[in-house]
Amino acid sequence: MSKSKCSNSSCSRTEERQTTADTLISEGEERFFQSLHDFIEHEKRYLKCPEEGPDELRYITYRSVFNQVITRSTAYKRLLLTIKSEYDDTIRELKTREEEARTTKRSLTSLTLHPKSMITCQKRAAQLRDRISGFHRQTAELQEEIKRQRSLKEQRTWIPGLTVAESEHAEALDRHLKHLQAQRAALLDRKSHSVFLEVKAELDTKLQAAEQLRGLLRAENDHLKVLYKRLRFVCGCLSIWEEQGRQVPLEGLLGSTLENIKQASEEEGEGFPAVKDDNGSSINAELFEDEEPSGVDESKFLTEYLHRFIELFDLAQYEEAALLAARSPRGVMRSINTMDMFKGVMGPPGSVPPLLFFSQALLITAPAGDELSAPLSLQVVRCALQHGASQLLTHAVTQNKLTFSEELGDILTEHAQKNPSVADVYLALATTIYETCGLSKKTALSMCRREDCLWILRHSWSLTLLQLLTKPQQGRAAMLSPGVVCSHLLADPQQQELALQLLNSFISKGRENLEEVMLEDCRSSVDTWTNVASLCSELNQSDLSRAILSILLDQSGTRVLSPDLEGARLMEHVFL
């Protein structure tokens, strides 16, 4: 301990005695602190502690005194222990640093006294650094080698177009080899019929120029057709005017004729946009009937058209190829064979399938009322259903672009049953198709599946239809509950006869048949059939009422499960 610390300690003790005297509650406490002060002075003299600088003996003396103060204290004992612990830790840290300094000093001294050892250590350190650098280089080289080996292994085990498992299967490899050989032969054959890119570019330029010229000639032809049609119309009116003896003045005839031409030119063909001439008059669709080539020109034109389609198809430009095929002259490419071509190819991952492109093109380019063939309609609908194109199908059905058939309606109905989320849309389309084909029974069933049963029963009092709706179909529960239907119909005076006919048809096959119908009715409770029996009794149908009640009484106190897959709840603690 330094002299400054001692002086500070003496001053603090003096101040402590001066301040503590006012707070002590007894003279015994003051005598205790005085005895501690005397003990400190005595120990310092006895141990001959130096007046300045740190000293271990002085530290031991003060620590002993502080322990006595802590033992004596009560209220501040915890605080004093904390202070003593921090003080001891500080002293211990100082001793540790002093010991480390001494050790370092000894090490430096030994190195100074032995310069050869220092040189040896430096050489050894340099050698170790060189070895570490060598290890780093070897590690980098090994990592590069590992990467190269992995790449070679992946190239050996992975073949484009085959899975890893197929890459190790001999038969799969043979099939893939044959496929690649066929592709190579096809590419070589295409190469033999190909031309240089410069030639293709020149031909494309000529084609564009020819298309522009064709567009100009077509516009001029359209204009001439309009003029010809108008002149023919005026000529016809003049011929009629002369045949009728020229009853009206020529000026009046020409004025009315021109007004009729103006009105006719403002009308558009159904489903076709208006094509206007220089005077703003529109051309009807019938003017384009003879636009397509014929004879030798037609054959040449079709050949060029097919070549253009094959070129786009081979370049995997399936959308452009689909539109070209859908707009082919006289619809020569709107066929099953063309659809099979699109069905046999696949587009890039994540893109629209080529078959869907062709189906969309067929339906979009076809005018309203222009129906596709029956086989083509079935294929288009299957493709649209597979890819969830409900809007496309709605457009095709509402615009009469498909050939309606019973099979087409069945496909839509089956898809609706498998996909409840879109069932309403497809059942509506199926209903339209069945109704157009005159299939009344399937039309009614389709409407019932759309929950239009009440409307049907209200407007069609058919016992056959009602029996069909209340009869289980292929292991499934009936579409309508017989008990619920009879209960509702018997409550309506206008439909009571229909309900009685239905019940009589059940019981005419025997009491066992009626019992089976009641037990399989999973949606009717005992109260429902009891209400039916009561209504039959009110209508003087005592036989029906007794038959129903007897079946209910036979099942009294039991819980009968229906033999169908969903089960049924019939009896519930009644009829004792």
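Modeller: What follows is a walk through the aromatic rings, with the terms explained along the way. The model is predicted, so local features need pLDDT of at least 70 and side-chain atom pairs count only at pLDDT 80 or more, whereas totals for chains, interfaces and linings use all residues. Residues are numbered from 1 along each chain as its sequence is written, and side-chain values use heavy atoms, with hydrogens and water left out.

Rings of Phe, Tyr and Trp (its six-membered ring) are paired if their centres lie within 6.5 Å, and planes under 30 degrees apart count as stacked, over 60 as edge-to-face and the rest as tilted. By this rule there are six aromatic pairs. One of them joins F309 and F313, whose ring centres are 5.8 Å apart and whose planes meet at 35 degrees, so this pair is tilted. Both residues belong to helix α10, which covers residues 295-314, and they are four residues apart, about one turn of the helix; helices here are DSSP runs (H or I, at least four residues), numbered from the N terminus.

F309 is buried at a relative accessible area of 2%, and F313 is buried as well, at 11%, where buried means under 20%, exposed over 50% and partly exposed in between, with a 1.4 Å probe and protein chains only. F309 and F313 form one aromatic cluster with Y318, F342 and F358.

Another ring, that of F32, has the charged end of R72 sitting over it, 4.7 Å from the ring centre; this requires NZ of Lys or CZ of Arg within 6 Å of the ring centre and within 35 degrees of the ring normal.

Conventions: Helix = DSSP H or I, 4+ residues; strand = E, 2+ residues; numbered from the N terminus.
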